[in-house]
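Hi,

Here is the structure I promised to pass on. Have a look first, and my notes on what turned up in it follow below.

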Amino acid sequence: QAEDGIRDYKVTGVQTCALPICGLFSWYQWKVGQKNLSLAFAATAKAQVNTDPLNAVVHGLAAMGRLEGDPTQSLALSYGLTRAVAQNWEVGSIPTGHGEVSFLVKLENGELITAGSDGTLRHWRDGKPVGKPIPFRKTGEDLEISSLMALKNGDLISGMNNGTLLRWRDNKVLGSPIQTNQLLVSRLMELRNGEWISGGYDGTLQRWSADGTKIGKPIGKPTLKGKAQIKSLAELNNGEWISGGDDGILRRWTKNGTLISAIPTEQVQIWSFTELPNGEWISGGYDGTLQRWSANGNKIGEPIQTGQGQVVSLTLLKNGDLISGGNGGSLRRWRAFKPVGDEIPTGHWGLAGLVELSHGELFSTGADGRLRRWRVAKAIAPEISTGQRGVWRLLALSNGEVISGGMYGTLRRWRDGKAVDDGRPINTGKDRKSTRLNSSHLVISYAVFCLKKK
């Protein structure tokens, strides 16, 4: 087995117990030819997977069906490709200079802001720093950012560990610190109407106008010991709010901050929350679980264990998939509330933030002080009819073309999703049975041989 997890498959023919001496040399030549064709197939496949495993999968190398004749070969190859794609999620690792990164937010223009243990904010564009680090504390001050939010107008709001808010514009603080009386500002949220909500260590919510003026009194009963600290905040599509925290209770609020219901969970603490496009909710817990809820707050099914430790972030991608982030630094992808692929270790130790950019790339950061850039495979075109009844094997060539091997021994060549064989599949002379039993290796090896001759 090769280092990348893909086997060196050998194409074998029917062996006879006795061969006429006059045919021995011909048989030997045939065996050598079959071995060379097999090696050519393996080398081509490995080269594509090693150089660009993501595109190899997108173009179909791993999109083969389960082989009836020899399913172990299909599973082994799929496993190797899965490993390769998992490793290729990360497309860049960028040192931030922060020491540890505490927060990561995305601006409306797609640029990023990080906050770190070194007492600075840093601005990023396409993975590169913009300008100099921006200090948020003076030498000797014991001041930390405890929450961070980017407003739609490009301003930043930072919640501080002394219970104040700072508003930033053009890398400078606007005005004086805003006192919240919440002990520590643990979560921030901008509403669609431009107002803000701050969630405190004392378990309260505070409403603010767009200009930073306090609206009304704190919402909720203060808890001085921090047993109800706000750890998650979200605005639902209907304008209601959801808060979750250290007491393990989801609270649903009207647009004006009136409590609708308090929903107990089995998750000990609610560290993350998101609303799905269909109106259902997902909460991430201290106990490492995800819990699904109806749009009315009714529990759907039992909690699902992610295996990631505390679920500190939930990021809904534009394609509808969900990425959960664990406090141990791992990412896991979900679709229809089922895991997609394996857990992906990020190397962050502790995950501090995950955002998706407009073109589909992800950025994450954490306690290792690095920004990491990720790409997630996705379909890039509608399905294509091959006219081959069943496709037993797909091979992505180094020039970007694809060879499909059909169930009746036919070959088709594809470029950019279009057939380049004049609409007529190449008949290799292999019938359905022999093609299936040989897992289409003869067919694909023949394709590679023909391409090399050209």
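Lys231 is buried, with a relative accessible area of 11%; buried here means under 20% relative accessible area, exposed over 50%, and partly exposed in between (1.4 Å probe, protein chains only). Its salt-bridge partner is Asp246, with the closest N and O atoms 2.6 Å apart, and Asp246 counts as buried too, at 15%. By salt bridge I mean a side-chain nitrogen of Lys or Arg within 4 Å of a carboxyl oxygen of Asp or Glu. Lys231 sits in strand 14 (residues 230–235) and Asp246 in the loop between strand 15 (241–245) and strand 16 (249–253), so the bridge ties together parts 15 residues apart in sequence. Strands (E, at least two residues) are DSSP runs, as are helices (H or I, at least four), numbered from the N terminus.

Before going on, please keep in mind that this is a predicted model, in which local features need pLDDT of at least 70 and side-chain atom pairs count only at pLDDT 80 or more, while totals for chains, interfaces and linings use all residues. Residues are numbered from 1 along each chain as its sequence is written, and side-chain values use heavy atoms, leaving out hydrogens and water.

Now the other salt bridges. A search of the whole structure gives 20 of them. In one, Glu111 and Arg125 bring their closest N and O atoms to 2.5 Å. Glu111 belongs to the loop between strand 2 and strand 3, and Arg125 to strand 4 (residues 120–125), so this pair connects parts 14 residues apart in sequence. Glu111 is buried at 10% relative accessibility, whereas Arg125 is partly exposed at 46%.

Glu356 and Lys318 form another, at 3.7 Å from N to O. Here the link is between distant parts of the chain, 38 residues apart: Glu356 is in strand 26 (residues 351–356), and Lys318 is in the loop between strand 22 (311–316) and strand 23 (322–326). Glu356 is buried at 9%, but Lys318 is exposed at 56%. There is also a network in which Asp126, Glu361 and Arg373 are joined by salt bridges that share partners.

Arg373, in strand 28, stands opposite Phe363. Strand 27 (residues 362–366) and strand 28 run antiparallel and are joined by 4 bridges; two strands pair if DSSP finds at least two bridges between them. The hairpin has 3 residues between its strands, and Gly369 in the turn has a positive phi of about 75 degrees. Of the 5 residues of strand 28 (residues 370–374), 4 are buried, so the strand is largely enclosed by the rest of the structure.

And what about the largest nonpolar core: which residues touch the most other members? Among its 16 residues, they are Ile113, Leu121, Ile145, Leu148, Leu156 and Trp168. A nonpolar core is a set of buried Ala, Val, Leu, Ile, Met, Phe, Trp, Tyr and Cys residues joined through side-chain atoms within 4.5 Å. Strand 2 (101–106), strand 3 (112–116), strand 6 (145–150), strand 7 (156–160) and strand 8 (164–169) each supply at least two core residues, and strand 6 gives the most, with 3. Apart from this core lies another, of 10 residues, including Val312 and Leu351.

Lastly, His98 is in the loop between strand 1 (90–95) and strand 2 and is buried at 2%.

Happy browsing!
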